[in-house]
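Please keep the sequence and the model in view while reading.

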Number of protein chains: 2
Amino acid sequence: MTGNPPISGTTRLYVVLGDPVTQVQSPALMNPLFARLGVDAVLVPVHARPAHLERIVGGLKCVGNVDGIFVTVPHKAAVRELADRCGPMVDIAGSANALRREADGCWYAENFDGLGFVTGLVGAGHDPAGRHVALVGAGGAGSAIAAALLAAGVRTLSVSDVDSARLDGLRARLDAHWPNRTVTSTEPRLDGVDIVVNATPLGLNPEDPLPFPPAALPADCVVADIIMKPRETRLLREAAALGHRVHYGIDMLEGQVDLYRAFFGLA
Amino acid sequence: MTGNPPISGTTRLYVVLGDPVTQVQSPALMNPLFARLGVDAVLVPVHARPAHLERIVGGLKCVGNVDGIFVTVPHKAAVRELADRCGPMVDIAGSANALRREADGCWYAENFDGLGFVTGLVGAGHDPAGRHVALVGAGGAGSAIAAALLAAGVRTLSVSDVDSARLDGLRARLDAHWPNRTVTSTEPRLDGVDIVVNATPLGLNPEDPLPFPPAALPADCVVADIIMKPRETRLLREAAALGHRVHYGIDMLEGQVDLYRAFFGLA
């Protein structure tokens, strides 16, 4: 091989939509998967500014050989309105990150952020089933993770966020599917938790304050972060120094590969 | 390399639009060129049914990292209306086969079928400058080839087509740029020609009649076909058997690679 893509007129297309799009990791994850499976398909980045999102998605949905659309920042909420049907995680999280063409030609949206996170957590030996879990941050990613943790059978889920209106909205959506399994608070509640998850953006910048004090955690608590860059956030570094097992953000993305494989029906 | 495409979030996009699209050869031509030049770009097929063409092109024009659109059957005429500006060959041929994003954000269309054909002809040692050339077929490809032959300085151009209205239209467009250089007729005029070109679809199927009788050609006449599949048409086989030098359809496509490189400003 010379490094050029094995692309011909029969190649099926997958795209990832973002603004910006230069940072996306999904081509590096999915294209080797297509090659490994012998699937004649390729995933390419598509730079879609918010003002053009509807027009671009409208065009892509008509393209005969586009089978899937991945969605990243800032389009995860907006793209929900452009799907013909939405899966349960989309309704709960209020956002979607993958769309596929169905047999009837409709486009179906689902959100794999939460399931990917839980899959990564289980794969690392930290199955949340039956455990007490604290989730800090109730935004798009936090909402998806909350739903996936409940679907995975956590014993209790405590969700905190500084925005109490956002917290109340998520609580109502979660209670509709898993009644009375979630408690919410504006400050993190860390007493007795087995697993704590940072789903806030705090840690993206080195000078960010900590989302919660690791010193307040029970001794055997697992500390997970969903921030991918830097791989080792200040939270994870300080938690590890205190003897906690830590779980990195990149696992959430890697945990999604097999989910995408099933979602898109790849051989 | 494992054979998977070296595609990341920074990769620029080129697409080829067709219906069907499975037969296109441009990915196999352009992707190795991108790799050779070290250009972080990929060309992918886009299946666009005629009813969806405007919507798909409208979306693609908004995509921030789409730099070029190639166009094949049956969209070459329709896509002209979707460009913001058209090059001279588009006006003469009445069709376009390549669009690029200009510095001001507009989309500019050009037609390289004719220039590609002439480039291939020159490359094979059959420079048409100063020669008597007969062109059989005045459709989309024939029109583009007629203009390129005149631009390349043929001494006389004789164009034939069974559709005399189509012939008159082409003659008028050619005369506007190259006055009184073209003669037209509904039957091919083969006496005294140095080069004859089949630009009709006759030869795509093995049972097609010949577009003109090779036995009527002068002894040293070059016989060119623009049909790519089959590579050796009945016309070329019979002409070669009569001792004529022949020129294959694939050369028209290969002749376009350097033209595209210049058009798209590839390093």
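The C-alpha centres of domain 1 and domain 2 of chain A lie 26 Å apart. Domain 1 covers residues 12-111 of chain A and domain 2 covers residues 114-252, with bounds that come from an automatic or database domain assignment. The model is predicted, so local features need pLDDT of at least 70 and side-chain atom pairs count only at pLDDT 80 or more, while totals for chains, interfaces and linings use all residues. Residues are numbered from 1 along each chain as its sequence is written, chains are lettered from A and ligands numbered from 1 in the order in which they are written, and side-chain values use heavy atoms, with hydrogens and water left out.

How do the two domains of chain A meet? Seven residues of domain 1 of chain A are in contact with 14 residues of domain 2 of chain A, where contact means heavy atoms within 4.5 Å. The size of an interface is often given as the accessible area lost when the parts come together. Between domain 1 and domain 2 of chain A, the buried area is about 750 Å², and carbon and sulfur atoms give 68% of this area; buried area is the accessible area (1.4 Å probe) that two parts lose on being put together, summed over both. On the side of domain 1 of chain A, A:Met89, A:Ile92 and A:Ala93 lose the most area to domain 2 of chain A, together 66% of what that side buries.

The next interface is that of the two chains. Here 35 residues from chain B and 35 residues from chain A take part in the contact. About 2,800 Å² is buried between chain B and chain A, with carbon and sulfur atoms giving 70%. B:Ile7, B:Gly9 and B:Cys62 supply 18% of the area that chain B buries against chain A, more than any other three residues.

Aromatic rings complete the picture. Over all chains, the whole structure holds 18 aromatic pairs (ring centres of Phe, Tyr or Trp, the last by its six-membered ring, within 6.5 Å; planes under 30 degrees apart are stacked, over 60 edge-to-face, the rest tilted). A:Phe263 and A:Phe264 form an edge-to-face pair, 4.9 Å centre to centre with 70° between the planes.
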